[in-house]
Amino acid sequence: MTDGDRVDLGLVEVTPLLIDRFAELTGDRFEIHMDDAAAQAHGFERRIAHGLLVLSLIDGLKNQADAQFEALASLGWDWRFTAPVLAGDTIKADLVVLEKRETTKPDRGILDLQFDARNQKGDLVQQGTNKLLVYR
């Protein structure tokens, strides 16, 4: 891949079951994630997904995409949650390779990746960058 290459990561539906499983795994049972009425009391149409669940699903899409990186490790994320993801939303994500850099080790490099995630209406819901250590 070269700088500027774009990869369509595909789609994932954020189901109530995924939200429940994430809450069980993390212990984050904040009421807006667990109950439609509670979410509505806070101004949301229905329960909303944990932001970190959606980020994890996007990373999973990256790891299942046709275009693969020979990744060694993630070096960090700079991420924004720009709009709520509601239970039942379908998320479409894509990434752009912003930059490729060499490291002091000749068999490794660092990719700077830009991600955009949108719901089924086309609204930007999450966005950010990831530094990924890869084999060259």
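Reply: Two strands are taken as paired when DSSP finds at least two bridges between them. The model under discussion is predicted. On that basis, five strands make up an open sheet with antiparallel pairing, in the order S1-S3-S4-S5-S2. Strands S1 and S2 (71–81) lie at the edges and have a single partner strand each, so one side of each lacks a neighbour in the sheet. From one strand to the next, the twist averages 25°.

Helix H4 (residues 51–64) packs on this sheet and touches S1, S2, S3, S4 and S5. The direction of H4 makes about 125° with that of S1.

Within the sheet, strand S1 (residues 6–13) is joined to strand S3 (residues 90–102) by seven bridges, the two running antiparallel; here Gly 10 faces Ala 93 in S3. S3 also pairs with strand S4 (residues 108–118), again in the antiparallel sense, over 10 bridges. A hairpin of five residues connects S3 to S4. Across this pairing, Lys 92 stands opposite Arg 118 in S4, and Val 97 stands opposite Leu 113 in S4.

Strand S5 (residues 124–135) contains Gln 126. Gln 126 counts as buried because its relative accessibility is 2%, against a cut-off of under 20%. The side chain of Gln 126 reaches the backbone oxygen of Gly 51 at 3.1 Å. Beyond four places away in sequence, the residues that Gln 126 touches include Val 54, Leu 55, Ile 58, Trp 79, Phe 81, Phe 115 and Ala 117.

Conventions: Residues are numbered from 1 along each chain as its sequence is written. This is a predicted model: local features need pLDDT of at least 70, side-chain atom pairs count only at pLDDT 80 or more; totals for chains, interfaces and linings use all residues. Side-chain values use heavy atoms; hydrogens and water are left out. Helices (H or I, at least four residues) and strands (E, at least two) are DSSP runs, numbered from the N terminus. Buried means under 20% relative accessible area, exposed over 50%, partly exposed in between (1.4 Å probe, protein chains only). A polar contact is a pair of N or O atoms within 3.5 Å; within protein, one must be able to donate a hydrogen and the other to accept it, and residues adjacent in sequence count only if both atoms are side-chain atoms. Contact means heavy atoms within 4.5 Å. Axes are lines fitted to C-alpha atoms, for helices over the stretch in contact, and angles run from 0 to 180 degrees between N-to-C directions.
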